[in-house]
Amino acid sequence: MTDEHTRQESEENQDLDAGGDLREQRLRKLEDLQARGVEVFSDPPDKTFTSAQQAYESFTEAETGEETEEEDKPRFTLAGRLTAKRDMGKSVFADLRDQSGRIQLYAKKNILGEDAFEIFNLLDIGDIVAVEGPLFKTRKGEITVRLEWIRLLTKSLRTLPEKWHGLTDVEQRHRHRYLDLISNSSVREIFRKRTEVVREIRAFLDDKDFMEVETPMLQPLPGGAAAEPFETYYAALRSPMFLRIAPELYLKRLLTGGFERVYELNRNFRNEGLSRHHNPEFTMLEVYQAYGDCRSVMDLTEELITTVAQNVLGTLCISTEENTVDLSRPWERVRYHDLIRRHLGEDWFDLTDQQRRERAQTWEITTSPEMTEVEITQEVYEKTIEPNLINPVFITELPAPLVPLAKKCRNNPETVDVFELVFNGQEIAPGYSELNDPLEQRQRLLEQLGVETVEQAEEGQIDEDFLTALEYGMPPAGGMGIGVDRLVMTLLGVDSIREVILFPHLRQKSG
RNA sequence: GCACCCGUAGCUCAGUCGGUAGAGCAGCUGACUCUUAAUCAGCGGGCCGAAGGUUCGAAUCCUUCCGGGUGCACCA
């Protein structure tokens, strides 16, 4: 390639560059670089890379300062994305960012060499490069790589979001999460922390001899929760299939099988609307402990969450937008009945139906005539009590109708032996003394379907194999579930589930 | 599903009473060998989310649709 040729090509580019399409501009720049013999999507150099952070940490005045001869200074190879350029003519400052952070580059024409300097000048913000050189400290005191060698690794064809304001449009941030991650360090931090939370949950349970298992996500019968499933079709078997709404019924089979401590930490799918608190696929932790019950699982949950919080956040005090949550142990445990009387009046359960509705009215709760006492109480609880439960509290012995599939309390068949863990005004985790009586379980499943006999149930609505597993004998067990996305939201003080899911679901854009 | 709010350059945002589009960053050209939101001079960039309507005239007013946000409902 002759100089004349490249000069002519550059002049052509100048004319075309007058257009407004920045991608077109970059495509032409790419061709220009290729015409100069520069590989625009090249292989990484066979060198040992140093991260930006390592480079900072390895800088010492003695080795790289003024006193040391230039050729004696150690050379570093780094790779990353150019995020800024400050052009001074015969020298250029630039910012390089890798996973560990940012470091400044200094390209000087008479050090880098004329050809390489010219190539460097052609690079765009967003390009990915490998660079090499010694470290020095600028007059303003910033540790900087003095470039002696560069290689373009990846040409970027798109303009990055603005350096100062970044990407703020929520829709764009979620549709193009990679741009969000490039632009917003707080977002990078949230997802690093999320990964740490998940890692700590596993470490905690593994340490307690719980066994992580994987059960079907593709199920012929979706069970274990009351929710609308996603439906799909298995061509080879010519049968409809469902994405699981919960792993519960399979995990319980494993208890029958003799695995005494199991957990699964993975995705569930529910065919529901999107909201600040709902994504159709969400990450669920379910834990089952044989020979345990509601209380043993309560202890486990308390220890799990405090351990995770302490290890990830380094504190048990969480600041959210409006609250400060203190996770210090021990956590309060209160019977549902007592909690209700504490907040709604000691006489709440002695009131007549009419009086109860009138009092609900004072909380601006509207009741419909067909609502039962339990439903009215629960409505008032959800609207007026739960949002104000900031520090963790286990609510125990819930009314049986609210939790149809749990074991009844020995001392009071009107209530079930379960807990709801609430903090930051949100339900975080339910736990149960699991029902292991196959006869009662069958009865409850039928009731849930609103029928009296198996014959009345539509074919395939009852998971007979699950009931069979119970008939072989499932040990008494405690079980617990945590919505991991919501736990992460709470721990990180974020108020939308989409902020803790890398690729939240959004509507397809048509046209 | 219902209600309210939002959609203007690659990004962040102005745009008054309806008179036909502006800035900063990014980009391009030039100057500058320690800058750091570099600076200075100049230049280009728009189907104003889409389609209808009202009007002499619409980014602006009306209707429908698309997408997003928030609240409610559904839902753990």
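Is Phe259 buried, exposed or partly exposed? In this predicted model, Phe259 has a relative accessible area of 39%. Because this value falls between the 20% limit for buried residues and the 50% limit for exposed ones, Phe259 counts as partly exposed. The residue sits in the loop that links α10 (248-257) and β11 (261-269). Apart from neighbours within four places in sequence, the contacts of Phe259 are with Met211 and Leu254. The C-alpha atoms of Phe259 and Ala290 are 8.2 Å apart in space, with a separation of 31 residues in sequence.

At the level of the whole chain, chain A is divided into domain 1 (16-182) and domain 2, the latter made up of two segments (186-331 + 391-499). The contact between them involves eight residues from domain 1 and six residues from domain 2. The centres of the two domains, taken over C-alpha atoms, are 47 Å apart. About 630 Å² is buried between domain 1 and domain 2, and carbon and sulfur atoms give 44% of this area. On the domain 1 side, the most area is lost by His174, Arg177 and Leu181, which together account for 58% of what that side buries.

A helix pair was also examined. Helix α15 (residues 438-449) packs with helix α16 (residues 464-473) at an angle of about 155 degrees, and their axes are 9 Å apart. Since angles over 145 degrees count as roughly antiparallel, α15 is roughly antiparallel to α16. From α15, Pro438, Gln441, Arg442 and Leu445 meet Glu464, Phe466, Leu467, Leu470 and Glu471 of α16. Five of the residues in this contact are nonpolar, one is polar and three are charged.

Terms used:
Residues numbered from 1 in each chain as written. Chains lettered and ligands numbered in written order. Predicted model: local features only at pLDDT ≥ 70, side-chain atom pairs only at ≥ 80, totals over all residues. Heavy atoms only, no water. Axes fitted to C-alpha atoms, helices over the stretch in contact; angles between N-to-C directions. Helix = DSSP H or I, 4+ residues; strand = E, 2+ residues; numbered from the N terminus. Parallel < 35°, antiparallel > 145°, perpendicular 65-115°, else oblique. Contact = heavy atoms within 4.5 Å. Nonpolar A, V, L, I, M, F, W, Y, C, P; charged D, E, K, R; others polar. Buried < 20%, exposed > 50% of the residue type's maximum accessible area, 1.4 Å probe, protein only. Domains from an automatic or database assignment. Buried area = accessible area lost by both parts, 1.4 Å probe.
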